[in-house]
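Subject: Structure handover

Hello,

Below is the structure you asked to look at, with its sequence. My notes on what was found in it follow.

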Amino acid sequence: MILDVQGIEMSYGALKVLHGIDLVVEKSETFAIIGPNGAGKTTLFKVLTGEAMPTAGTIRHNGQDITKLPAHQRARRGFGRTFQVARVFNELDLRTNVVISIESRLRYSGGNPGPWWRWKPSRDVQAEADEILDRFGFPRRRWNDEAGYLSHGDRKRLEFCVALATKPEVLMLDEPTAGMSPSDRKEMTHLLARLKAETGITILMTEHDMDIIFELADRLMVLNFGEVIAMGAPGAVRDNPTVRKVYLGQDHQHA
Amino acid sequence: MNRAAQAALLLFLLLFLFAPFLVNPGLVFLAGFAMIQIVFALSWNLLFSYAGLISFGHAAFFGIGAYISAVALRDGYEIHFVLLILVCAAFGALAALLVALVVLRRASGVQFAVLTLALSQLIVVLIGYSSLLGHDEGIAAIPRPAIDFGLFTVDMNQPLTSYYFVLAVCLLAVGLMWLLAKGHVGRAMRAVRIDAERAAFVGIDVWRVRVIAFTISGAFAAVAGAMLAPWSQIITPDYVNWLQSAQPLFAALLGGAGFFWGPVVGVIGLSGINYLTRTFAGLSEVLVGASLILVVLVAPQGILGALKQLARRRGGRTPGGHA
């Protein structure tokens, strides 16, 4: 297993939002966390990314305890992350966004981003950034555009480039299609499916769109009021009467 | 950076290069002073515009350089002046590192700014108690050094030589800061400023980047201070005071804080206002205040920001990169 989470509890003052969550994510698996609003998905996600410290429980990555590691150290261990509302370096151009990520990886992984006085990224770094942008469908003529001018969908795609440039082992996606148009949503689903097939990357995601979950996830977990009410393969979870009652409703009976 | 800004910077460089042949000695002195303020303002902006930290007490590091240099020159220490500049840089860096290690653990926003201000004001008070540093009167009649480079000697007692030495050191400092800002260290700093959380998720240690930025910034501020001692030949606690700390902020606001060259334009603008109003007591402050209000209202991104906006409108496309 790549990620072993045991007994995660989280409280905000007197309010307990996570009640002893256990979950295990296997290598190359796509694991989804779903649940109604206020179920504790975001809090659990933040605990897993290192943005919030749990009040109890442990998180192990490849057998090592990472519960207390801050976000940047988790990133260095191979965790990539995207946000619900895509976060990129808005004032910088597309290429620099990806270059920053590659240079950071080189710095912590024993590589060499080049001497400090070189005002341009090294050729290798530029080539890698260009390859990533190209792979994610950004035409060359847009590489020098400021990221702040991108549409929401494009910004999400760029965020993927930034996250993947660190070559993560686990990709954590917080609602990857939130706020997207139907066509962007479809494109993002294709992109994720392709990524999964091509790289075998482990994906841990939260998502509201059930069609995407059922298309991509190998296993999923349903949270309600901070407790796990179901976990398993999408088909089994979909047919679980409790899940249908509290979250899916009748629409997805035959989805 | 668009062509108008490039042309303006080239013009400024030429004016600085030929100032001793174009203007009277009084203006040459002001030009040297402006160059030193440019290094100081750029060191501050490296922190603000690149690492996203605002320091209200940056004059403390400027003062450290200025006082070390002034005392060494006044007391005739047997130290090569270039080495003395490096010693000042080291002390500026060390002081900044200590402040960063203590303050940045807890704060990075307004609290950080206020704490830096408090620390710099503390230094002003301490100077007032120190006879070595000349109490409130400061250190006057600082001798200018003759710097032996083996093959030649740069005698700062010669006005022309002195000017070009200051120009050379300032150009070198600006060049080093530019390289740093444009290189991968500068890119990591900008990532931290734009979105610290996003930066952390690509593995950037935000705290470490900020500490490094503050240390480097302190070193360059001290270099600027070190150059002022032989140039102005008088150092007073005014150079450590909050008003001196505010100068880079004014310059960055006026020129454009989001641009590496913004503070350069700002310092030249402020120096121009000061020079043109020198015979009218108080008018300079009124004009500086008025132009800052005007800039904030009309061109919040400063003069270079307004030029960029103009170029964007005329070009009708989205320009890339950071000027």
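Six strands of chain A form an open sheet in the order β6-β7-β8-β3-β9-β10, with mixed pairing. Helices (H or I, at least four residues) and strands (E, at least two) are DSSP runs, numbered from the N terminus, and two strands pair if DSSP finds at least two bridges between them. The edge strands are β6 (79–82) and β10 (227–232) of chain A, each of which pairs on one side only. On average, neighbouring strands of this sheet are turned by 15 degrees against each other, direction ignored. Axes here are lines fitted to C-alpha atoms, for helices over the stretch in contact, and angles run from 0 to 180 degrees between N-to-C directions.

Before the rest, two notes on the source. This is a predicted model, in which local features need pLDDT of at least 70 and side-chain atom pairs count only at pLDDT 80 or more, while totals for chains, interfaces and linings use all residues. Residues are numbered from 1 along each chain as its sequence is written, and chains are lettered from A and ligands numbered from 1 in the order in which they are written.

Strand β3 of chain A

Which strands does β3(A) pair with? One is strand β8 (residues 202–206) of chain A, in the parallel sense over four bridges. Another is strand β9 (residues 219–224) of chain A, also parallel and over four bridges. Ala32(A) has Met205(A) as its bridge partner in β8(A) and stands opposite Leu220(A) in β9(A). For Phe31(A), the bridge partner in β8(A) is Leu204(A).

β3(A) covers residues 30–34 and is mostly covered, with five of its five residues buried. A residue is buried if 20 or more other C-beta atoms lie within 10 Å of its own, exposed if 12 or fewer, and partly exposed in between; C-beta atoms are placed from the backbone. Thr30(A), Ala32(A) and Ile34(A) point one way from the strand, while Phe31(A) and Ile33(A) point the other way.

Helices on the sheet

Helix α1 (residues 41–49) of chain A lies across β3, β6, β7 (170–174), β8 and β9 of chain A, and runs at about 150 degrees to β7(A). Helix α5 (residues 152–164) of chain A lies across β6 and β7 of chain A, at about 165 degrees to β6(A). In the loop between α5 and β7 of chain A is Lys167(A). Phi of Lys167(A) is near 50 degrees, a positive value in a residue other than glycine. Lys167(A) counts as partly exposed because it has 15 C-beta neighbours inside 10 Å.

The other sheet

Chain A also has an open sheet of four strands, in the order β2-β1-β4-β5 and with antiparallel pairing. Its edge strands are β2 (15–25) and β5 (64–65) of chain A, each pairing on one side only. Strand β1 (residues 3–12) and strand β4 (residues 56–61) of chain A run antiparallel and are joined by five bridges. Val5(A) stands opposite Ile59(A) in β4(A).

A helix pair

The axes of helix α3 (residues 94–108) and helix α4 (residues 123–135) of chain A come within 9 Å and cross at roughly 120 degrees. That makes α3(A) oblique to α4(A) (angles under 35 degrees count as roughly parallel, over 145 as roughly antiparallel, 65 to 115 as roughly perpendicular and the rest as oblique). By class, their contact has eight nonpolar, one polar and three charged residues. Ala, Val, Leu, Ile, Met, Phe, Trp, Tyr, Cys and Pro count as nonpolar, Asp, Glu, Lys and Arg as charged, and the others, Gly among them, as polar.

Between the chains

How many residues of chain B are in contact with chain A? There are 24, and they touch 32 residues of chain A; two residues are in contact if their C-beta atoms, placed from the backbone, lie within 7 Å. On the chain B side, α6 (159–182), α7 (184–194) and α8 (196–200) each supply at least two residues. α7(B) gives the largest share, seven residues. By class, this side of chain B has eleven nonpolar, seven polar and six charged residues.

His184(B) is found in helix α7 of chain B. His184(B) is buried, because 26 other C-beta atoms lie within 10 Å. Leaving aside its neighbours within four places in sequence, His184(B) is in contact with Glu103(A), Pro113(A), Gly114(A), Trp116(A) and Pro121(A).

Regards
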